[in-house]
Amino acid sequence: MYIDQIVLENFKSFGRTTRIPFYEDFTTISGPNGSGKSNIIDAILFALGLARTRGMRAQKLTDLIYNPAHEEDRDYDGAREASVEVTLDNEDRTISPSQIATAIGTEDIDEVDQIRVKRRIKQTEDNYYSYYYLNGRSVNLSDIQDLLAAAGVTPEGYNVVMQGDVTGIIQMTPHERREIIDEIAGVAEFDRKKADAHEE
Ligand code: ATP
Ligand code: MG
């Protein structure tokens with residue numbers, strides 16, 4: 001499985017609909033400082049429900065909505081809605097059709113080669129709302145998280161290594177580094193279950 005493309009609408013610095021295609025093996029994104037490279041990573045974290053606001057370098061979720069006055073920290077009465085759709089190529093069936101059916105909540109699925117995960121936030125006068133979609137159908141965040149976990153993509157995982165993470169990893173104690181390796185290898189989950197069982 002790999003990311004096939006992402007489509008951003010009013011997300012952070014992307015004030016117009018932007019489609020970014022990815023290659024199967026390796027894709028690099030280059031550009032000047034502040035041009036939005038890290039915002040693309042934030043968009044993936046946002047859509048897949050992998051990070052809290054701080055992880056996406058925003059104080060509140062609504063800061064993720066495009067705001068041309070962002071640098072001046074002023075409010076903007078334009079777009080009050082943002083969305084990101086990540087299309088995953090699943091031709092290799094990393095995620096099985098039955099797992100997709102479970103997540104969508106119906107046996108009647110027509111798309112298995114592509115998994116489209118979309119998140120939308122909408123701001124109103126005094127609140128904001130977050131919506132998730134799987135192949136166009138409304139779902140909960142937990143449905144998406146369960147589905148992605150089947151492909152080894154989790155909020156605790158190191159699927160995304162952020163700017164600064166590498167230095168952090170280098171400066172860790174060997175024990176802390178070992179914990180990361182356990183997490184990636186999937187051993188940590190069993191350690192947690194074992195500890196839970198002992199407690200019971
Ligand atoms: P670097 O090479 O320094 O890491 P980068 O290409 O990763 O840069 P980003 O951090 O992705 O750059 O983009 C930062 C830019 O995004 C800043 O100019 C910031 O003002 C802008 N930005 C962030 N949030 C918003 C928003 N909600 N609306 C408009 N622009 C925003
Ligand atoms: Mg950056």
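## Basis of the model

Helices (H or I, at least four residues) and strands (E, at least two) are DSSP runs, numbered from the N terminus. This is a predicted model, in which local features need pLDDT of at least 70 and side-chain atom pairs count only at pLDDT 80 or more, while totals for chains, interfaces and linings use all residues. Residues are numbered from 1 along each chain as its sequence is written, and chains are lettered from A and ligands numbered from 1 in the order in which they are written.

Two strands count as paired if DSSP finds at least two bridges between them. Strand S3 (residues 81-89) and strand S4 (residues 114-123) run antiparallel and are joined by nine bridges. One of the residue pairs here is Asp-89 with its bridge partner Gln-114 in S4. S4 also runs antiparallel to strand S5 (residues 128-134), with seven bridges between them. In this pairing, Arg-119 stands opposite Tyr-132 in S5, and the bridge partner of Lys-122 in S5 is Tyr-129. Four residues separate S4 from S5 in the hairpin that they form.

S5 is joined in turn to S6 by three bridges, and these strands run antiparallel. Tyr-133 has Ser-138 in S6 as its bridge partner. S5 and S6 form a hairpin with two residues between them, and Asn-135 in the turn has a positive phi of about 45°.

## Asp-89 in S3

Asp-89 lies in strand S3. A residue is buried if 20 or more other C-beta atoms lie within 10 Å of its own, exposed if 12 or fewer, and partly exposed in between, with C-beta atoms placed from the backbone. Asp-89 is partly exposed because it has 16 other C-beta atoms within 10 Å.

Two residues are in contact if their C-beta atoms, placed from the backbone, lie within 7 Å. Apart from neighbours within four places in sequence, Asp-89 is in contact with Met-1, Tyr-2, Asp-4 and Gln-114. Gln-114 is also the bridge partner of Asp-89 in S4. From C-alpha to C-alpha, Asp-89 and Arg-16 are 24 Å apart in space, and they are 73 residues apart in sequence.

The buried residues of helix H2 are Ile-100, Ala-103 and Ile-104. They lie on the same side of H2 because they cover an arc of only 90° around the axis; the arc is that of the directions from the helix axis to the C-beta atoms. What covers these residues includes S4, S5, S6 and H3. After H2 comes Gly-105, which has a positive phi, near 85°.

Helix H3 (residues 141-149) has Ile-144, Leu-147 and Leu-148 as its buried residues. Their arc around the axis is only 95°, so they are on the same side of H3. The buried residues of H3 pack against helix H2 (97-104), S4, S5 and strand S6 (137-139).

Gln-99 lies in helix H2. With 19 C-beta neighbours inside 10 Å, Gln-99 counts as partly exposed. Leaving aside neighbours within four places in sequence, Gln-99 is in contact with Leu-147 and Ala-150. Gln-99 and Leu-148 are 49 residues apart in sequence, and their C-alpha atoms are 9.8 Å apart in space.

An unreviewed UniProt entry lists Pro-32, Asn-33, Gly-34, Ser-35, Gly-36, Lys-37, Ser-38 and Asn-39 for "binding site". UniProt positions are given in the numbering used here, feature names are shortened, and annotations may be inferred rather than shown by experiment. Gly-34 is found in the loop between strand S2 (18-21) and helix H1 (37-47), and Gly-36 is found in the loop between S2 and H1 as well. Gly-34 is exposed, with 10 other C-beta atoms within 10 Å. Gly-36 counts as partly exposed, with 18 C-beta neighbours inside 10 Å. Not counting residues up to four places away in sequence, Gly-36 touches Lys-12, Ser-13 and Phe-14.

A residue is near a molecule if its C-beta atom, placed from the backbone, lies within 6 Å of it. There are 16 residues around ligand 1, of which Asn-33, Lys-37, Ser-38, Asn-39 and His-70 come nearest. The shell around ligand 1 has two nonpolar, ten polar and four charged residues. Here Ala, Val, Leu, Ile, Met, Phe, Trp, Tyr, Cys and Pro count as nonpolar, Asp, Glu, Lys and Arg as charged, and the others, Gly among them, as polar.
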